[in-house]
Amino acid sequence: NSEKRNYAVHIYRSLLKMSRSLPVKKRLDAYIQVKEEFRKHSKENDPKTIESLLAKADSTLGYLKVVTPKKFNSQQTGETKIVFGDPTRPRKAISNWTGSNMDPDSMKRHQRSLQRAGFRGNKDAKGVF
């Protein structure tokens, strides 16, 4: 019985914490609803009913974990913005590839195949880009 009580307290605290992470319009309603539901069933003694209420609360907690933003008070717009490099210099793309994990033999083969194909480097392409 004390395990169920501790679990109920854990879920209660977790639900209150997750409700604080909801958008401003829904935050107060969710906070009040969690408190009212737990207070309404605080005197419940039937083990089956308690088990079903805990299962419902656990399901609600799982749902809130999915729908709430990861950062506190972050505004989700539904848009994805990809920034290459420093945002103050948006035209410069930065690569994290250093070539340090490449096999030297495969690099030599690649260079030979480029030479065979007639590729001499970017010197020939000046003015095109």
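Val 34 is found in helix α2. The model here is a predicted one. At 11% relative accessibility, Val 34 is buried, because buried means under 20%. Leaving aside neighbours within four places in sequence, Val 34 is in contact with Tyr 12, Leu 15 and Leu 16. Take Leu 16: this residue and Val 34 are 18 residues apart in sequence, yet their C-alpha atoms are 6.9 Å apart in space.

**Overall make-up**

What does the secondary structure of the protein come to? There are four helices and zero strands. Along the sequence the pattern reads α-α-α-α. The protein has 129 residues, and 13% of them count as buried. Val 34 is one of the buried residues. Now consider contacts between residues at least 6 apart in sequence: 56% of these join residues at least 24 apart.

**Confidence**

The mean pLDDT of the protein is 75. A value of 70 or more is reached by 64% of the residues. Which elements have the lowest and the highest mean pLDDT? Helix α4, residues 104–116, has the lowest, at 77. Helix α2, residues 24–40, has the highest, at 89. Over residues 92–96 the pLDDT is below 50. Beyond near neighbours in sequence, that stretch has six contacts in the model.

**α1 against α2**

Two packed helices are described by the angle between their axes and the distance between the axes. α1 and α2 pack at an angle of about 165°, and their axes are 8 Å apart. The angle is over 145 degrees, so α1 is roughly antiparallel to α2. The crossing of α1 past α2 is left-handed.

Which residues make this contact? From α1 come Ala 8, Ile 11, Tyr 12, Leu 15, Leu 16, Ser 19 and Arg 20. From α2 come Arg 27, Ala 30, Tyr 31, Val 34, Lys 35 and Phe 38. By class, the contact has nine nonpolar residues, one polar and three charged.

**α1 against α3**

Helix α3 spans residues 47–67. α1 and α3 pack at about 30°, with 10 Å between their axes. That angle is under 35 degrees, so α1 is roughly parallel to α3. Here too a left-handed crossing is found, as α1 passes α3.

On the α1 side, the contact is made by Lys 4, Tyr 7, Ala 8, Ile 11, Ser 14, Leu 15 and Met 18. On the α3 side, the residues are Pro 47, Ile 50, Glu 51, Leu 54, Ala 57, Asp 58, Thr 60, Leu 61, Leu 64 and Lys 65. These residues divide into 11 nonpolar, two polar and four charged.

**Residues to look at**

Ala 8 lies in helix α1, which covers residues 2–20. Which residues does Ala 8 touch, not counting those up to four places away in sequence? They are Phe 38 and Leu 54. Leu 54 is on the α3 side of the α1–α3 contact.

Is Arg 5 buried or exposed? Its relative accessible area is 57%, so Arg 5 counts as exposed, the cut-off being over 50%.

Lys 65 lies in helix α3. Its relative accessible area is 46%. Lys 65 is therefore partly exposed, a class that runs between 20% and 50%.

| Pair | Apart in sequence | C-alpha to C-alpha |
|---|---|---|
| Val 34 and Leu 16 | 18 residues | 6.9 Å |
| Ala 8 and Phe 38 | 30 residues | 8.9 Å |
| Arg 5 and Ile 50 | 45 residues | 9.8 Å |
| Lys 65 and Ser 14 | 51 residues | 9.8 Å |

How values were computed
Residues numbered from 1 in each chain as written. Predicted model: local features only at pLDDT ≥ 70, side-chain atom pairs only at ≥ 80, totals over all residues. Heavy atoms only, no water. Helix = DSSP H or I, 4+ residues; strand = E, 2+ residues; numbered from the N terminus. Contact = heavy atoms within 4.5 Å. pLDDT = per-residue confidence, 0-100. Axes fitted to C-alpha atoms, helices over the stretch in contact; angles between N-to-C directions. Parallel < 35°, antiparallel > 145°, perpendicular 65-115°, else oblique. Left-handed = near helix turned anticlockwise from the far one by under 90°. Nonpolar A, V, L, I, M, F, W, Y, C, P; charged D, E, K, R; others polar. Buried < 20%, exposed > 50% of the residue type's maximum accessible area, 1.4 Å probe, protein only.
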